[in-house]
Amino acid sequence: MGKERNYKYPWSYLSEPGRLVLAATLAGVLAGVSACLLKYGVDWLGLHITTLFGSGHTYLSFLIFPLLGMLLSVWYQKGTGENLAHGTDIISRRLRDHRARVPRNMMWTPVLGCLLTVGFGASAGAESPAALSGASIASRAGGWFRLPGNYVRILLACGAGAGIAGIFKSPVGGMLFTIEILRIEMSAVASISLVCSCMAAYTTAYVMSGFTWDVSFIPDAPFEPSRLGWILLLGLFCGFYSVYYRQTEKWVIRQLAKVRNIWKKALVAGAAVSLVVFLLPPMYGEGYKVVSGLVSGNANVLTMDSLFFSGETEAWILLLAVTAMLLFKGMAVGAVNYGGGVAGEFAPTLFAGALAGYLFATVLNMAFSLDLPVANFALIGMGAVMAGVIKAPLMAIFIAVEISDSYRYILGFIFAACASYMVVVLSEALWNKTPPAVAASPETVRSQDNSR
């Protein structure tokens, strides 16, 4: 009887490492499907919501639906009995506490919660719910393949990385998310499993999306090494902006922590986000359409669907709009993620980075009659701000490169991202009077803010 039970399934003849790799690959495929469906759902909802009142009254959607989405998200989480916010932190805690099992319903509950939040226009991303869904799928796969607890823990990390790989269509970014953000130690078999999982998720999402990228990049100039000095300055600028972004986000978190009632908190946060989106429509949702426009040389996307501007807009007005969005982006993301929404914090940094790169190059061109390629600087700024805000430079470099299919500019991404990261680390070390090597991680900062 025992022998029959052990060899009931075909994969029972495989060794445990072999079953781990097979389970990770299957989990990657399913995580890719989940990420693609989430991305499609967010885009579908965004398209139909913004046209609900007609093309001439889109601004009404911006004023109503982000708030409605936040309230629906809180109602949904109370109905499920789960707190689905901060999916990355949920995964990190389970890995740290050696709790490898993730509830089965988390395969879909974060996805539905994110649809209510980001799909209704809240200014945030979809990556944390995708990672949590992938982790839950991988946890179930560990049970399907009869793997022991230590291997299921590896699978959990692989599934989370697969969720990131699928939502960004960035296989290397997903792998580096597991290493830099989740900080899990990888043996040889674990590394192979992670590669298989992330590659499977990326391939699945890429095929299901019609072989397209989220950021449509049309290069307006080749990469020129002679501009590396300017790119380094861009990285420093993005680093200082990242410090501001993090501080404003944490300020919003502290203010929301004072509101004990979850409905009041969602009402305040949702109303603030709706007002910001109403005044600055490009901040609606994830903002990939705006990013694609900036990195392709179409700055008019900055006034798209605006109640105040239409058609061709003067350069100084565009710069004011960009400055305003940069000032409020960190606050909006903090309000969404800590006001009851189910969303992520990575995609908003790509949006902010494109704005920062556009602002940097445009101002220098106007002030000093330079000829810096604005679109290329907007592209490179994506990786620089993500590296500074998330404090994961390798992951930021490859996500920014892979989401836009722009490997030819990778040297520029490296210079800018590393400069931005060093500014953030050194500023935090000076502020906290601690050596850079022991500066607080993003997870630690968030957990400290939550405890307050």
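**Pocket and loops: a quick chat**

Colleague: Which residues lie nearest the centre of the largest pocket?

Modeller: Keep in mind that this is a predicted model. The lining of the largest pocket is made up of 24 residues. Those that lie nearest its centre are Asp43, Gly46, Leu47, Tyr284 and Lys289.

Colleague: And which element gives the most to that lining?

Modeller: Two or more lining residues come from each of α2 (16-50), α3 (58-80) and α12 (288-295). With six residues, the one that gives the most is α2.

Colleague: How many residues in the lining of the largest pocket are charged?

Modeller: By class, ten of the lining residues are nonpolar and eight are polar. The space in this pocket comes to about 630 Å³. As for charged residues in the lining, there are six.

Colleague: Is His86 buried or exposed?

Modeller: His86 sits in the loop between α3 and α4 (87-96). Leaving out residues up to four places away in sequence, His86 touches Asn337 and Tyr338. Its relative accessible area is 14%, and buried means under 20%, so His86 counts as buried.

Colleague: Where is Arg146 found?

Modeller: Arg146 has a phi near 55°, which is positive in a residue other than glycine. You'll find Arg146 in the loop between α6 (127-144) and α7 (149-168).

Colleague: What is the phi of Arg183?

Modeller: Look in the loop between α8 (171-181) and α9 (188-208) for Arg183. Arg183 is not a glycine, yet its phi is positive, at about 55°.

Note on methods
Residues are numbered from 1 along each chain as its sequence is written. This is a predicted model: local features need pLDDT of at least 70, side-chain atom pairs count only at pLDDT 80 or more; totals for chains, interfaces and linings use all residues. Side-chain values use heavy atoms; hydrogens and water are left out. On a 1 Å grid over the protein atoms alone, a cavity is a set of points where a 1.4 Å probe fits but cannot get out, and a pocket is an open set with protein on both sides within 12 Å along at least five of seven lines; lining residues have an atom within 4 Å of a point. Grid points are joined across faces, edges and corners, and a volume is the space filled by probe spheres set on the points. Helices (H or I, at least four residues) and strands (E, at least two) are DSSP runs, numbered from the N terminus. Ala, Val, Leu, Ile, Met, Phe, Trp, Tyr, Cys and Pro count as nonpolar, Asp, Glu, Lys and Arg as charged, and the others, Gly among them, as polar. Buried means under 20% relative accessible area, exposed over 50%, partly exposed in between (1.4 Å probe, protein chains only). Contact means heavy atoms within 4.5 Å.
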